Amino acid sequence: MHSTTNVGGGVESPSGLSTLPAGERTHRPGPVLEARDVHVRFGGVHALKGVDIALTPGRVHALLGENGAGKSTLINCIAGALTPTAGQLRVDGAPVELRSPADAAAHGISVIHQELELAAALPVAENVMIGRLPLRLTGVVDRAELLRRAREALRDIGPHIDVRARAGDLEVADQQLVEIAKALGHGGTRVLVMDEPTAALPPAQIERLLDLVRRIAARGVAVLYVSHRLDEVLAIADEISVLRDGRLVRHCERTEATHRSIVADIVGHLPEPVDRAAPDAGGEIVLETEGFAAGVVEELSARVRTGEVVGFFGLLGAGQQTLAEALFGLCPAAARRFSMLGATSVPGSPRRAIAAGVGFVPADRKAGGLALGLSLTENYLLGASRRGRFGVVAPRREHDRARAALRAARVAMRSVTQCAKELSGGNQQKIVLARWMDRPDTRFLLLTEPTRGVDVGAKTEIHRDLRAWVRAEGTARAAALFSADPEETASVCDRVYVLAKGRVVAELTGSEITEAALTAAALEAPLTDDGTSTALTDEDHGDDAA
């Protein structure tokens with residue numbers, strides 16, 4: 001672990017997100033909140049092992065680490081939801097005991113969790129002012145004052161939001177803004193903890209949120225920013241702390257960090273180079289289509305061969321999600337010519353796609369990939385034949401089968417009988433992938449945003465497992481990745497079709513596949529002489545992906 005205090009000039013991240021010049025946030029008052037030598041034990045599990053962290057007014061402090069590294073445990077300590085086993089929390093240098101979220105709020109600490117906590121059926125105004133509704137002398141809510149205060153709370157955050165609208169009817173990005181307004185609305189917030197605030201946001205709305213975070217910090221609020229998206233961290237953070245296995249393994253100024261060094265700190269080693277298959281290496285054709293149309297997708301022609309991972313990349317709304325769903329029979333489609341695993345017509349239902357040997361990993365694993373209230377065994381075996389001898393289900397045999405498979409997939413679990421909702425996002429996704437990869441009849445796997453909300457370490461393992469599954473000796477398999485994430489697409493794909501407005505605008509292979517080239521093609525913007533997009537400016541952009 002090393003610590004530095006030098007703050008340099010502003011930089012831009014690999015996605016082109018602009019950072020505030022560091023000189024604009026150079027005032028360094030003492031920390032408002034500190035964790036000193038904090039330990040947390042859950043029975044025999046040592047979740048936090050002597051963690052130190054200091055949050056300073058006016059600065060954004062990024063907290064990174066794999067799922068299970070201890071980030072959520074530390075957040076819960078700061079939020080008053082969990083009491084440290086040992087160590088101290090300090091506010092303005094004085095020791096404090098935060099025994100409840102109310103204690104934390106009393107000290108000016110607000111937490112915005114990854115899973116938004118809005119009352120979807122209530123208007124925005126009630127959500128923003130919840131717990132502090134203005135009352136008349138008669139005890140009745142003063143509606144006019146409520147609306148006025150809610151609008152004031154949203155004035156600098158989301159002035160376009162109708163405070164009378166139902167919170168559940170808003171776009172996710174606007175729901176996030178309402179959460180922020182709720183956290184800051186009482187005026188006493190000194191520390192704002194943001195846990196994966198952009199996980200569900202489209203790229204176009206991420207910069208707006210990051211700009212808001214900068215403005216919040218500029219007001220003198222100490223921001224703890226938790227994210228798996230390293231381009232955001234390099235765009236927004238003043239300093240970075242990395243947890244691994246419950247320990248603080250690095251603390252540094254943002255200007256001392258690079259994408260590669262952060263990944264190495266998080267997972268304990270440098271990222272592996274991408275081993276791409278040669279284009280058209282003679283594999284059997286798994287998918288071939290001409291004039292494919294479904295929803296926004298028009299006149300799409302593409303080919304996928306065994307032994308390769310082919311990407312369909314585009315900005316959100318470009319059509320890659322619709323294409324994946326159509327190939328799995330989830331929405332109607334037509335084509336002038338179509339062939340997939342021997343079938344010459346587009347599958348009319350998921351049942352027909354599965355019967356042909358197609359597997360599907362949905363973008364929202366919680367809504368479409370898992371039954372969160374069921375056990376890991378039941379989730380692993382979803383859709384599989386569960387008949388034992390004489391047609392009788394054998395629970396012990398099923399548990400043994402699931403346990404062996406999920407251990408092989410490196411799922412961190414207590415028992416195969418525990419509920420899927422208890423696992424981290426990365427481990428949940430490994431179950432979805434293992435379910436399809438272990439089926440002997442799966443030959444073509446469709447994956448939509450397969451590592452959304454997944455930490456760097458789990459993402460690396462998922463990519464490695466996917467390549468190994470596709471290239472396993474004696475098999476004839478292929479995979480298609482449908483994504484709006486240029487980093488992931490560049491990290492795992494052998495070839496990429498780039499979509500814009502439902503049409504293929506470019507096909508990239510081999511060393512052509514970089515984050516810069518993908519983004520440039522999707523935006524239909526040219527590359528500069530050094531291989532970066534005119535929409536991007538980081539000179540190292542392509543190095544991390546190639």
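Helices (H or I, at least four residues) and strands (E, at least two) are taken as DSSP runs and numbered from the N terminus, and on this basis Asp92 is placed in the loop between strand S4 (86-91) and strand S5 (94-96). The structure is a predicted model, in which local features need pLDDT of at least 70 and side-chain atom pairs count only at pLDDT 80 or more, while totals for chains, interfaces and linings use all residues. Residues are numbered from 1 along each chain as its sequence is written, and side-chain values use heavy atoms, with hydrogens and water left out.

The protein chain contains 17 helices and 19 strands. Of its 546 residues, 52% are buried, where buried means under 20% relative accessible area, exposed over 50%, and partly exposed in between (1.4 Å probe, protein chains only). Contact is defined as heavy atoms within 4.5 Å; among contacts in the protein chain between residues at least 6 apart in sequence, 66% join residues at least 24 apart.

Glu34 lies in strand S1 (residues 33-42) and is buried, its relative accessible area being 13%. The side chain of Glu34 is joined to that of Arg36 by a polar contact of 3.3 Å, the term denoting a pair of N or O atoms within 3.5 Å, of which, within protein, one must be able to donate a hydrogen and the other to accept it, residues adjacent in sequence counting only if both atoms are side-chain atoms. When neighbours within four places in sequence are left aside, the residues in contact with Glu34 are Ile53, Ala54, Gln88, Leu89, Arg90 and Gly93. A further polar contact, of 3.2 Å, is made between the side chains of Arg214 and Glu207. Arg214 is located in helix H6 (residues 203-218) and is buried, with a relative accessible area of 6%. Although Arg214 and Gly58 are 156 residues apart in sequence, their C-alpha atoms are 8.8 Å apart in space.

Side chains of opposite charge can pair when their charged atoms come close. With a salt bridge defined as a side-chain nitrogen of Lys or Arg within 4 Å of a carboxyl oxygen of Asp or Glu, the count comes to 35 salt bridges. One of these is formed by Arg495 and Glu308, at 2.8 Å from N to O, and the pair links distant parts of the chain, 187 residues apart, with Arg495 in strand S18 (residues 495-500) and Glu308 in the loop between strand S12 (297-305) and strand S13 (309-313). Arg495 counts as buried because its relative accessibility is 3%, and Glu308 is also buried, with a relative accessible area of 3%. In the salt bridge between Glu97 and Arg99 the closest N and O atoms are 2.6 Å apart, and here both Glu97 and Arg99 are exposed. Arg439 and Asp441 form another salt bridge, with the closest N and O atoms 3.5 Å apart; Arg439 is buried at 16% relative accessibility, whereas Asp441 is partly exposed at 38%.

Two packed helices are described by the angle between their axes and the distance between the axes. Axes are lines fitted to C-alpha atoms, for helices over the stretch in contact, and angles run from 0 to 180 degrees between N-to-C directions. The axes of helix H14 (residues 425-437) and helix H15 (residues 456-471) come within 10 Å and cross at roughly 10°, so H14 is roughly parallel to H15, given that angles under 35 degrees count as roughly parallel, over 145 as roughly antiparallel, 65 to 115 as roughly perpendicular and the rest as oblique. Gly426, Gln429, Lys430, Leu433 and Met437 of H14 make the contact with Ala458, Glu461, Ile462, Asp465, Leu466 and Trp469 of H15. The residues of this contact of H14 with H15 comprise six nonpolar, two polar and three charged, where Ala, Val, Leu, Ile, Met, Phe, Trp, Tyr, Cys and Pro count as nonpolar, Asp, Glu, Lys and Arg as charged, and the others, Gly among them, as polar.
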